[in-house]
Amino acid sequence: MGATLEIRDLTLRFGGVTALDRLRLSLAPGTVLGLAGPNGSGKSSLINVLTGHYRGEGSILLDSEQIDHLAAPERVRLGMTRTFQAPRTYRRMSVLENLDAACHAFRPLLRNRSVRRCETKEMHAQLERFGLGHLAHALPDQLTPVEQRLLELARAHVTGARLLLLDEPAAGTTEAEAHHLRQVMAEHVLPGRTAILIEHRLDFLRALCSELVVLQAGRMLAQGAPDDVFAKAEVRETLMGEPVHA
Ligand SMILES: Nc1ncnc2c1ncn2[C@@H]1O[C@H](COP(=O)(O)OP(=O)(O)OP(=O)(O)O)[C@@H](O)[C@H]1O
Ligand SMILES: [Mg+2]
């Protein structure tokens, strides 16, 4: 089977800043690719170029189909969805309505019609799975930061998209909350999906990812199995601030 996502020589510039520098990547189906790197290394930029929010140079192929000329909604139609570094929800809609809206707006667009319909009963069941059942009628502003993160994950999940792009889904949560998010992702969100997961928490990446890429200044510093990547001296220096011994 071919790659779900293929990135060739992707470059993104903001004036004099090169956010992504001739990046090449290939994601086999079912891969959960962790993306780590210091602040400003280009992690969110990569997601923004993939979704069509930013335009870069180079090519992007989704299931062998070139998509870099497509507008953002067209890419959604092909089965790509994302979460944001700062959670984005519909503030005037209840938690249940948020989930419903994500499902109704997205699923009919998908080419793959085998995905289930968006029945209210199913949406309730999904909320229970994400631990949000008791908050179905609350507004997003009434949720704690971790509940907002869970809602964003639930929304991405119910779309049925085959490629998930998750930008720091545990940002702004405590250790215990991050652990809970990790479990929910491992159980409900990631199985059977191809995903890119940006995280600063290394235990998160180690537990959830089958591959890891470390970016530095828009370039690939290291790539491989998480344990192998974390063992590299240059990665330890960049991510953990450990001095490199000659
Ligand atoms: N909209 C923008 N306009 C100008 N420069 C931008 C924009 N978005 C990102 N950049 C720049 O591109 C570079 C990469 O930023 P990006 O947000 O991708 O980093 P990141 O790895 O996601 O960092 P963080 O861990 O802080 O979220 C940075 O130098 C940033 O200042
Ligand atoms: Mg970012």
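1. Arg 162 has a relative accessible area of 35% and is partly exposed, a class that lies between buried (under 20% relative accessible area) and exposed (over 50%), with a 1.4 Å probe and protein chains only. Its partner in a salt bridge (a side-chain nitrogen of Lys or Arg within 4 Å of a carboxyl oxygen of Asp or Glu) is Asp 63, with the closest N and O atoms 1.9 Å apart. Arg 162 sits in the loop between helix H5 and strand S7 and Asp 63 in the loop between strands S4 and S5, so the pair ties together parts 99 residues apart in sequence; helices (H or I, at least four residues) and strands (E, at least two) are DSSP runs, numbered from the N terminus.

2. This is a predicted model, in which local features need pLDDT of at least 70 and side-chain atom pairs count only at pLDDT 80 or more, while totals for chains, interfaces and linings use all residues. Residues are numbered from 1 along each chain as its sequence is written, and side-chain values use heavy atoms, leaving out hydrogens and water.

3. Asp 21 forms a salt bridge with Arg 219, the closest N and O atoms being 2.7 Å apart, and this pair links strand S2 with strand S10, 198 residues apart. Asp 21 is buried at 15% relative accessible area, whereas Arg 219 is partly exposed at 46%.

4. Around ligand 1 there are 15 residues, each with a heavy atom within 4 Å of it, and helix H1 gives the most to this shell, with three residues. A polar side-chain atom of His 200 lies 3.0 Å from an oxygen atom of ligand 1.

How values were computed
Chains lettered and ligands numbered in written order. Polar contact = N/O pair within 3.5 Å; in protein donor to acceptor, adjacent residues only side chain to side chain.
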